[in-house]
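Biologist: I have the sequence and the model open, and I would like to know what stands behind each label. Could you walk me through the definitions as we go?

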Amino acid sequence: MSTDTSTRSTTKTTTSADASGDTKSPWVLVAMRELQVKLTDRNFLIGTGATLLLIVGMFALQSFLMGGGAPSFKVAVTDEAATTVVAQAEESLQATDAEGSLTSVDVADAAAAETALTEGDADAALLPTDDGWEFVTDGEADAELEGLLGEAVRSTTLAENAEAAGTSLPELTAGTEVATRDISGGDDQSRFVSFIAGFAMAFLFYMSAIMFGMAIANSVVEEKQSRIIEILAAAIPVRALLTGKVIGNTVLAFGQMALIGAVALVGLTFTEYDQYLSMLTEGFLWYIPFFVLGFLALACIWAAAGAMASRSEDLQATTMPLTMALVLVFIVGLSLDGAAKVIGSFVPVLSTILMPMRLLDGTAQWWEAVLALGLTAVFCFITITIGTRLYRRSLLQTSGRVSLKAAWAGGE
(Lines give C-alpha, C1' and ligand atoms only; values in the text may rest on other atoms or scores of the structure.)
Protein backbone atom coordinates (compact mmCIF):
# COMPACT_ATOMS: atom_id res chain seq x y z
CA MET A 1 0.00 0.00 0.00
CA SER A 2 1.36 3.39 -0.96
CA THR A 3 0.75 5.18 2.35
CA ASP A 4 3.33 7.87 1.63
CA THR A 5 1.52 8.82 -1.55
CA SER A 6 -1.80 8.84 0.26
CA THR A 7 -0.56 11.12 3.02
CA ARG A 8 0.91 13.54 0.47
CA SER A 9 -2.49 13.69 -1.18
CA THR A 10 -4.10 14.16 2.22
CA THR A 11 -1.72 17.06 2.87
CA LYS A 12 -2.63 18.74 -0.40
CA THR A 13 -6.32 18.25 0.22
CA THR A 14 -6.31 19.49 3.78
CA THR A 15 -4.02 22.41 3.00
CA SER A 16 -6.32 23.40 0.16
CA ALA A 17 -9.30 23.12 2.49
CA ASP A 18 -7.50 25.27 5.05
CA ALA A 19 -6.74 27.92 2.44
CA SER A 20 -10.38 28.10 1.45
CA GLY A 21 -11.48 28.34 5.04
CA ASP A 22 -13.37 25.03 5.02
CA THR A 23 -11.79 23.37 8.05
CA LYS A 24 -14.93 22.65 10.05
CA SER A 25 -14.52 18.88 9.65
CA PRO A 26 -10.92 18.13 8.65
CA TRP A 27 -11.19 14.63 10.15
CA VAL A 28 -13.72 13.80 7.42
CA LEU A 29 -11.06 14.54 4.78
CA VAL A 30 -8.60 12.25 6.54
CA ALA A 31 -11.19 9.47 6.94
CA MET A 32 -12.25 9.68 3.29
CA ARG A 33 -8.63 9.54 2.22
CA GLU A 34 -8.04 6.44 4.36
CA LEU A 35 -11.03 4.81 2.68
CA GLN A 36 -9.93 5.82 -0.80
CA VAL A 37 -6.39 4.54 -0.36
CA LYS A 38 -7.50 1.17 1.06
CA LEU A 39 -10.27 0.64 -1.48
CA THR A 40 -7.81 1.22 -4.33
CA ASP A 41 -5.14 -0.98 -2.78
CA ARG A 42 -4.77 -4.07 -4.93
CA ASN A 43 -3.54 -6.31 -2.11
CA PHE A 44 -6.50 -5.39 0.10
CA LEU A 45 -9.02 -6.01 -2.68
CA ILE A 46 -7.41 -9.30 -3.70
CA GLY A 47 -7.27 -10.48 -0.09
CA THR A 48 -10.92 -9.63 0.54
CA GLY A 49 -11.99 -11.19 -2.74
CA ALA A 50 -10.01 -14.36 -2.03
CA THR A 51 -11.63 -14.65 1.40
CA LEU A 52 -15.12 -14.31 -0.09
CA LEU A 53 -14.31 -16.86 -2.80
CA LEU A 54 -13.02 -19.25 -0.15
CA ILE A 55 -16.26 -18.94 1.82
CA VAL A 56 -18.37 -19.44 -1.32
CA GLY A 57 -16.21 -22.44 -2.27
CA MET A 58 -16.63 -24.02 1.16
CA PHE A 59 -20.41 -23.75 1.00
CA ALA A 60 -20.46 -24.96 -2.61
CA LEU A 61 -18.37 -27.99 -1.62
CA GLN A 62 -20.65 -28.63 1.37
CA SER A 63 -23.70 -28.43 -0.87
CA PHE A 64 -22.09 -30.78 -3.42
CA LEU A 65 -20.98 -33.35 -0.85
CA MET A 66 -24.33 -33.32 0.92
CA GLY A 67 -26.16 -33.06 -2.36
CA GLY A 68 -27.67 -35.82 -4.45
CA GLY A 69 -31.18 -34.77 -3.49
CA ALA A 70 -33.47 -36.37 -0.96
CA PRO A 71 -33.15 -40.13 -0.27
CA SER A 72 -35.14 -42.30 -2.69
CA PHE A 73 -35.52 -46.06 -2.40
CA LYS A 74 -37.37 -48.80 -4.29
CA VAL A 75 -38.26 -52.05 -2.53
CA ALA A 76 -39.40 -55.21 -4.32
CA VAL A 77 -42.46 -56.84 -2.64
CA THR A 78 -44.47 -59.98 -3.34
CA ASP A 79 -47.65 -59.44 -1.30
CA GLU A 80 -49.95 -56.85 0.23
CA ALA A 81 -48.45 -57.19 3.72
CA ALA A 82 -45.01 -56.15 2.45
CA THR A 83 -46.58 -53.23 0.58
CA THR A 84 -48.15 -52.04 3.86
CA VAL A 85 -44.77 -52.24 5.62
CA VAL A 86 -43.09 -50.21 2.85
CA ALA A 87 -45.84 -47.56 3.02
CA GLN A 88 -45.34 -47.19 6.78
CA ALA A 89 -41.57 -46.95 6.30
CA GLU A 90 -42.14 -44.14 3.80
CA GLU A 91 -44.24 -42.25 6.36
CA SER A 92 -41.37 -42.51 8.84
CA LEU A 93 -38.89 -41.29 6.21
CA GLN A 94 -41.01 -38.28 5.25
CA ALA A 95 -41.44 -37.34 8.90
CA THR A 96 -37.74 -36.40 8.90
CA ASP A 97 -37.33 -35.52 5.19
CA ALA A 98 -40.47 -34.38 3.41
CA GLU A 99 -38.88 -34.87 -0.01
CA GLY A 100 -37.76 -38.45 0.63
CA SER A 101 -39.48 -41.36 -1.08
CA LEU A 102 -39.70 -45.08 -0.45
CA THR A 103 -41.85 -46.95 -2.97
CA SER A 104 -42.75 -50.59 -3.48
CA VAL A 105 -42.16 -52.53 -6.71
CA ASP A 106 -44.60 -55.43 -7.15
CA VAL A 107 -43.02 -58.70 -8.35
CA ALA A 108 -44.40 -62.21 -8.72
CA ASP A 109 -42.16 -64.14 -6.34
CA ALA A 110 -38.77 -64.27 -4.62
CA ALA A 111 -36.96 -65.18 -7.85
CA ALA A 112 -38.47 -62.13 -9.59
CA ALA A 113 -37.43 -59.96 -6.64
CA GLU A 114 -33.83 -61.14 -6.96
CA THR A 115 -33.95 -60.42 -10.69
CA ALA A 116 -35.16 -56.86 -9.96
CA LEU A 117 -32.21 -56.41 -7.61
CA THR A 118 -29.58 -57.63 -10.06
CA GLU A 119 -31.02 -55.53 -12.89
CA GLY A 120 -31.14 -52.39 -10.74
CA ASP A 121 -34.93 -52.06 -10.71
CA ALA A 122 -34.99 -52.19 -6.91
CA ASP A 123 -32.63 -51.26 -4.08
CA ALA A 124 -33.79 -54.08 -1.82
CA ALA A 125 -36.49 -56.72 -1.44
CA LEU A 126 -38.74 -57.42 1.53
CA LEU A 127 -39.85 -61.06 1.42
CA PRO A 128 -42.05 -63.01 3.85
CA THR A 129 -40.67 -66.12 5.58
CA ASP A 130 -42.23 -68.76 7.83
CA ASP A 131 -41.20 -66.91 11.00
CA GLY A 132 -41.01 -63.29 9.87
CA TRP A 133 -39.38 -61.30 7.06
CA GLU A 134 -36.24 -61.35 4.97
CA PHE A 135 -34.41 -58.19 3.86
CA VAL A 136 -32.57 -58.98 0.61
CA THR A 137 -29.98 -56.81 -1.17
CA ASP A 138 -27.54 -57.18 -4.04
CA GLY A 139 -24.40 -56.01 -2.25
CA GLU A 140 -24.01 -53.96 0.93
CA ALA A 141 -27.32 -52.86 2.44
CA ASP A 142 -28.16 -49.18 2.86
CA ALA A 143 -28.24 -48.60 6.62
CA GLU A 144 -31.00 -45.99 6.45
CA LEU A 145 -33.25 -48.19 4.31
CA GLU A 146 -32.63 -51.23 6.50
CA GLY A 147 -33.43 -49.25 9.63
CA LEU A 148 -36.66 -47.81 8.19
CA LEU A 149 -37.97 -51.20 7.06
CA GLY A 150 -36.92 -52.88 10.30
CA GLU A 151 -38.79 -50.35 12.39
CA ALA A 152 -41.85 -50.56 10.11
CA VAL A 153 -41.89 -54.36 10.39
CA ARG A 154 -41.77 -54.18 14.18
CA SER A 155 -44.58 -51.64 14.47
CA THR A 156 -46.93 -53.39 12.00
CA THR A 157 -46.29 -56.81 13.54
CA LEU A 158 -46.94 -55.48 17.04
CA ALA A 159 -50.21 -53.93 15.84
CA GLU A 160 -51.32 -57.25 14.33
CA ASN A 161 -50.36 -59.20 17.45
CA ALA A 162 -52.18 -56.69 19.67
CA GLU A 163 -55.33 -57.03 17.56
CA ALA A 164 -55.12 -60.83 17.75
CA ALA A 165 -54.82 -60.62 21.53
CA GLY A 166 -57.88 -58.43 21.80
CA THR A 167 -56.06 -55.27 22.75
CA SER A 168 -54.58 -52.23 21.00
CA LEU A 169 -51.04 -51.23 20.18
CA PRO A 170 -51.02 -48.20 22.57
CA GLU A 171 -52.25 -50.45 25.41
CA LEU A 172 -49.76 -53.16 24.53
CA THR A 173 -46.81 -50.75 24.50
CA ALA A 174 -47.93 -48.59 27.43
CA GLY A 175 -45.03 -47.78 29.74
CA THR A 176 -42.34 -48.75 27.22
CA GLU A 177 -41.62 -45.22 25.96
CA VAL A 178 -38.36 -43.62 27.11
CA ALA A 179 -38.47 -39.82 26.98
CA THR A 180 -35.26 -37.86 26.51
CA ARG A 181 -34.38 -34.48 28.01
CA ASP A 182 -31.25 -32.50 27.10
CA ILE A 183 -30.25 -29.96 29.76
CA SER A 184 -27.44 -28.52 27.61
CA GLY A 185 -29.82 -26.28 25.66
CA GLY A 186 -29.64 -27.94 22.26
CA ASP A 187 -28.79 -31.03 20.29
CA ASP A 188 -25.31 -32.02 19.14
CA GLN A 189 -25.75 -30.48 15.71
CA SER A 190 -26.96 -27.11 17.01
CA ARG A 191 -24.09 -27.00 19.52
CA PHE A 192 -21.65 -27.79 16.70
CA VAL A 193 -23.08 -25.00 14.51
CA SER A 194 -22.96 -22.55 17.44
CA PHE A 195 -19.34 -23.41 18.18
CA ILE A 196 -18.22 -23.05 14.55
CA ALA A 197 -20.07 -19.73 14.18
CA GLY A 198 -18.64 -18.43 17.47
CA PHE A 199 -15.12 -19.45 16.48
CA ALA A 200 -15.51 -17.79 13.07
CA MET A 201 -16.66 -14.51 14.67
CA ALA A 202 -13.81 -14.61 17.19
CA PHE A 203 -11.24 -15.26 14.45
CA LEU A 204 -12.71 -12.50 12.27
CA PHE A 205 -12.38 -9.97 15.09
CA TYR A 206 -8.83 -11.11 15.87
CA MET A 207 -7.69 -10.84 12.24
CA SER A 208 -9.43 -7.48 11.70
CA ALA A 209 -7.92 -6.00 14.87
CA ILE A 210 -4.44 -7.14 13.82
CA MET A 211 -4.66 -6.22 10.13
CA PHE A 212 -6.37 -2.83 10.37
CA GLY A 213 -4.61 -1.96 13.62
CA MET A 214 -1.23 -2.48 11.98
CA ALA A 215 -2.45 -0.42 9.02
CA ILE A 216 -3.14 2.50 11.38
CA ALA A 217 0.26 2.15 13.06
CA ASN A 218 2.07 1.85 9.72
CA SER A 219 0.31 4.92 8.34
CA VAL A 220 1.33 6.99 11.37
CA VAL A 221 4.97 5.92 11.40
CA GLU A 222 5.39 6.47 7.65
CA GLU A 223 4.10 10.00 8.05
CA LYS A 224 6.61 10.57 10.85
CA GLN A 225 9.50 8.96 8.98
CA SER A 226 8.89 11.07 5.86
CA ARG A 227 8.35 14.22 8.02
CA ILE A 228 4.99 14.74 6.33
CA ILE A 229 3.42 14.76 9.77
CA GLU A 230 4.88 18.20 10.40
CA ILE A 231 2.98 19.58 7.40
CA LEU A 232 -0.20 17.72 8.38
CA ALA A 233 -0.01 18.95 11.98
CA ALA A 234 0.34 22.50 10.72
CA ALA A 235 -2.65 22.14 8.38
CA ILE A 236 -5.16 20.40 10.66
CA PRO A 237 -5.45 19.68 14.40
CA VAL A 238 -3.65 16.54 15.57
CA ARG A 239 -6.86 15.30 17.20
CA ALA A 240 -8.68 15.58 13.85
CA LEU A 241 -5.90 13.62 12.14
CA LEU A 242 -6.21 10.83 14.70
CA THR A 243 -10.02 10.84 14.51
CA GLY A 244 -9.97 10.55 10.74
CA LYS A 245 -7.54 7.64 10.77
CA VAL A 246 -9.46 5.76 13.44
CA ILE A 247 -12.90 6.29 11.90
CA GLY A 248 -11.69 5.53 8.37
CA ASN A 249 -10.15 2.21 9.37
CA THR A 250 -13.09 1.33 11.61
CA VAL A 251 -15.45 1.77 8.67
CA LEU A 252 -13.18 -0.41 6.54
CA ALA A 253 -12.97 -3.13 9.19
CA PHE A 254 -16.73 -3.05 9.75
CA GLY A 255 -17.45 -3.14 6.01
CA GLN A 256 -15.20 -6.12 5.42
CA MET A 257 -16.64 -7.96 8.43
CA ALA A 258 -20.24 -7.27 7.38
CA LEU A 259 -19.55 -8.41 3.82
CA ILE A 260 -17.95 -11.66 4.94
CA GLY A 261 -20.77 -12.31 7.43
CA ALA A 262 -23.49 -11.61 4.86
CA VAL A 263 -21.91 -13.95 2.29
CA ALA A 264 -21.57 -16.67 4.94
CA LEU A 265 -25.23 -16.35 5.99
CA VAL A 266 -26.42 -16.48 2.37
CA GLY A 267 -24.20 -19.50 1.72
CA LEU A 268 -25.72 -21.24 4.73
CA THR A 269 -29.10 -21.35 2.98
CA PHE A 270 -27.67 -23.83 0.45
CA THR A 271 -26.58 -26.37 3.08
CA GLU A 272 -28.32 -28.80 5.43
CA TYR A 273 -27.79 -26.28 8.24
CA ASP A 274 -30.20 -23.72 6.81
CA GLN A 275 -32.63 -24.35 9.70
CA TYR A 276 -30.14 -22.51 11.94
CA LEU A 277 -30.16 -19.36 9.79
CA SER A 278 -32.47 -17.46 12.14
CA MET A 279 -30.35 -18.29 15.20
CA LEU A 280 -27.10 -17.34 13.47
CA THR A 281 -28.52 -14.13 12.01
CA GLU A 282 -29.61 -12.98 15.47
CA GLY A 283 -26.18 -13.85 16.88
CA PHE A 284 -24.45 -11.97 14.06
CA LEU A 285 -26.57 -8.86 14.65
CA TRP A 286 -25.50 -8.89 18.31
CA TYR A 287 -21.89 -9.43 17.21
CA ILE A 288 -21.82 -6.22 15.12
CA PRO A 289 -21.87 -3.69 18.03
CA PHE A 290 -19.39 -5.81 19.99
CA PHE A 291 -17.08 -5.83 16.97
CA VAL A 292 -17.29 -2.06 16.41
CA LEU A 293 -16.77 -1.12 20.08
CA GLY A 294 -14.02 -3.72 20.49
CA PHE A 295 -12.18 -2.36 17.46
CA LEU A 296 -12.59 1.26 18.56
CA ALA A 297 -11.24 0.36 22.01
CA LEU A 298 -7.97 -0.69 20.37
CA ALA A 299 -7.73 1.68 17.40
CA CYS A 300 -6.34 4.71 19.26
CA ILE A 301 -3.84 2.48 21.07
CA TRP A 302 -2.62 1.22 17.68
CA ALA A 303 -2.24 4.82 16.52
CA ALA A 304 -0.30 5.65 19.69
CA ALA A 305 1.97 2.64 19.08
CA GLY A 306 2.70 4.01 15.61
CA ALA A 307 3.33 7.51 16.97
CA MET A 308 5.87 6.22 19.52
CA ALA A 309 7.94 4.73 16.68
CA SER A 310 10.10 7.00 14.55
CA ARG A 311 10.96 4.40 11.89
CA SER A 312 9.21 1.36 10.47
CA GLU A 313 11.83 -0.78 12.19
CA ASP A 314 10.58 0.46 15.57
CA LEU A 315 7.04 -0.80 15.02
CA GLN A 316 7.80 -4.34 16.10
CA ALA A 317 8.77 -3.09 19.55
CA THR A 318 5.96 -0.56 19.99
CA THR A 319 3.17 -2.81 18.67
CA MET A 320 4.33 -6.07 20.29
CA PRO A 321 2.33 -5.55 23.55
CA LEU A 322 -0.87 -5.01 21.57
CA THR A 323 -0.26 -8.01 19.35
CA MET A 324 0.47 -10.28 22.30
CA ALA A 325 -2.61 -8.98 24.14
CA LEU A 326 -4.82 -9.84 21.15
CA VAL A 327 -3.30 -13.32 20.87
CA LEU A 328 -3.95 -13.84 24.58
CA VAL A 329 -7.55 -12.60 24.27
CA PHE A 330 -8.17 -14.95 21.34
CA ILE A 331 -6.69 -18.03 23.05
CA VAL A 332 -8.29 -17.36 26.43
CA GLY A 333 -11.63 -16.57 24.83
CA LEU A 334 -11.74 -19.97 23.14
CA SER A 335 -10.54 -21.91 26.17
CA LEU A 336 -12.79 -20.55 28.92
CA ASP A 337 -15.80 -22.56 30.01
CA GLY A 338 -18.44 -22.60 32.72
CA ALA A 339 -18.42 -19.77 35.26
CA ALA A 340 -15.11 -18.42 33.90
CA LYS A 341 -16.72 -18.01 30.48
CA VAL A 342 -19.67 -16.14 31.98
CA ILE A 343 -17.37 -13.76 33.87
CA GLY A 344 -15.09 -13.30 30.85
CA SER A 345 -18.06 -12.36 28.66
CA PHE A 346 -18.35 -9.10 30.64
CA VAL A 347 -14.65 -8.20 30.35
CA PRO A 348 -14.17 -5.54 27.63
CA VAL A 349 -12.61 -6.78 24.36
CA LEU A 350 -12.78 -10.36 25.66
CA SER A 351 -16.56 -9.91 25.59
CA THR A 352 -16.37 -9.38 21.81
CA ILE A 353 -15.40 -13.04 21.55
CA LEU A 354 -17.32 -14.60 24.45
CA MET A 355 -20.69 -12.82 24.56
CA PRO A 356 -21.66 -13.65 20.93
CA MET A 357 -20.72 -17.28 21.69
CA ARG A 358 -22.98 -17.31 24.75
CA LEU A 359 -25.81 -15.70 22.81
CA LEU A 360 -25.47 -18.35 20.11
CA ASP A 361 -25.56 -21.29 22.49
CA GLY A 362 -28.45 -19.78 24.45
CA THR A 363 -26.66 -19.32 27.78
CA ALA A 364 -26.90 -15.50 27.83
CA GLN A 365 -29.90 -13.21 28.13
CA TRP A 366 -30.34 -9.99 26.16
CA TRP A 367 -29.76 -7.82 29.23
CA GLU A 368 -26.38 -9.49 29.78
CA ALA A 369 -25.37 -8.52 26.25
CA VAL A 370 -26.52 -4.93 26.83
CA LEU A 371 -24.56 -4.77 30.09
CA ALA A 372 -21.43 -6.14 28.39
CA LEU A 373 -21.82 -3.54 25.62
CA GLY A 374 -22.09 -0.79 28.22
CA LEU A 375 -18.91 -1.94 29.95
CA THR A 376 -17.11 -2.11 26.60
CA ALA A 377 -18.29 1.43 25.76
CA VAL A 378 -16.84 2.72 29.06
CA PHE A 379 -13.58 0.88 28.40
CA CYS A 380 -13.58 2.29 24.86
CA PHE A 381 -13.81 5.84 26.24
CA ILE A 382 -10.87 5.15 28.58
CA THR A 383 -8.63 3.67 25.86
CA ILE A 384 -9.48 6.49 23.45
CA THR A 385 -8.51 9.03 26.11
CA ILE A 386 -5.23 7.23 26.87
CA GLY A 387 -4.43 6.57 23.19
CA THR A 388 -5.13 10.17 22.22
CA ARG A 389 -2.77 11.47 24.93
CA LEU A 390 0.04 9.10 23.91
CA TYR A 391 -0.50 9.90 20.23
CA ARG A 392 -0.47 13.69 20.64
CA ARG A 393 2.59 13.74 22.91
CA SER A 394 4.76 11.46 20.80
CA LEU A 395 3.65 12.29 17.26
CA LEU A 396 6.12 15.12 16.64
CA GLN A 397 9.04 13.51 18.47
CA THR A 398 11.14 12.25 15.56
CA SER A 399 14.54 11.88 17.22
CA GLY A 400 14.02 8.20 18.03
CA ARG A 401 11.64 5.64 19.49
CA VAL A 402 9.59 7.19 22.30
CA SER A 403 9.13 5.15 25.46
CA LEU A 404 5.71 4.77 27.05
CA LYS A 405 6.82 6.79 30.09
CA ALA A 406 8.20 9.61 27.94
CA ALA A 407 5.11 9.67 25.75
CA TRP A 408 2.81 9.88 28.76
CA ALA A 409 4.81 12.62 30.45
CA GLY A 410 5.77 14.55 27.33
CA GLY A 411 4.44 17.93 26.33
CA GLU A 412 1.61 18.58 23.88
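Modeller: Happy to! Contact means heavy atoms within 4.5 Å, while axes are lines fitted to C-alpha atoms, for helices over the stretch in contact, with angles from 0 to 180 degrees between N-to-C directions. Helices (H or I, at least four residues) and strands (E, at least two) are DSSP runs, numbered from the N terminus. Please keep in mind that this is a predicted model: local features need pLDDT of at least 70, side-chain atom pairs count only at pLDDT 80 or more, and totals for chains, interfaces and linings use all residues. Residues are numbered from 1 along each chain as its sequence is written, and side-chain values use heavy atoms, without hydrogens and water.

Biologist: Then what lies across E1, E2, E3 and E4?

Modeller: That is helix H6 (residues 143-164), which runs at about 170° to E4. Helix H4 (residues 80-96) also packs on the sheet, touching strand E1 (72-77), E2, E3 and E4, and its direction makes about 170° with that of E2.

Biologist: Why do strand E2 and strand E4 count as edges of the sheet?

Modeller: Two strands pair if DSSP finds at least two bridges between them. The open sheet of 4 strands has the order E2-E1-E3-E4, with mixed pairing. Strand E2 (101-106) and strand E4 (132-136) each have a single partner strand, so one side of each is left without a neighbour in the sheet. The twist averages 30° from one strand to the next.

Biologist: How many bridges join strand E3 to E4?

Modeller: There are 5 bridges between strand E3 (residues 124-129) and E4, and the two run antiparallel. With at least two needed, they count as a pair. Leu126 has Phe135 in E4 as its bridge partner.

Biologist: Why is Ser351 called buried?

Modeller: Buried means under 20% relative accessible area, exposed over 50%, and partly exposed in between (1.4 Å probe, protein chains only). Ser351 has 0% relative accessibility, so it counts as buried. Ser351 sits in helix H14, and 11 of the 11 residues of helix H14 (residues 350-360) are buried. Leaving aside neighbours within four places in sequence, Ser351 is in contact with residues including Phe290, Phe346 and Thr376. Just after H14, Gly362 takes a positive phi of about 80°.

Biologist: What makes the pair of Phe212 and Phe295 edge-to-face?

Modeller: Rings of Phe, Tyr and Trp (its six-membered ring) pair if their centres lie within 6.5 Å; planes under 30 degrees apart count as stacked, over 60 as edge-to-face and the rest as tilted. The structure holds 10 aromatic pairs. In this one the centres are 6.5 Å apart and the planes stand at 80°, so Phe212 and Phe295 are edge-to-face. Phe212 lies in helix H8 and Phe295 in helix H11 (residues 277-307), so the pair ties together parts that are 83 residues apart in sequence. Phe212 is buried at 0%, and Phe295 is buried at 3%.

Biologist: Which residues touch the most other members of the largest nonpolar core?

Modeller: A nonpolar core is a set of buried Ala, Val, Leu, Ile, Met, Phe, Trp, Tyr and Cys residues joined through side-chain atoms within 4.5 Å. Of its 65 residues, Leu241, Leu280, Tyr287, Leu298, Tyr391 and Leu395 touch the most other members. Helix H8 (residues 188-225) gives the largest share, 14 residues. Apart from this core lies another, of 16 residues, among them Phe73 and Leu126.
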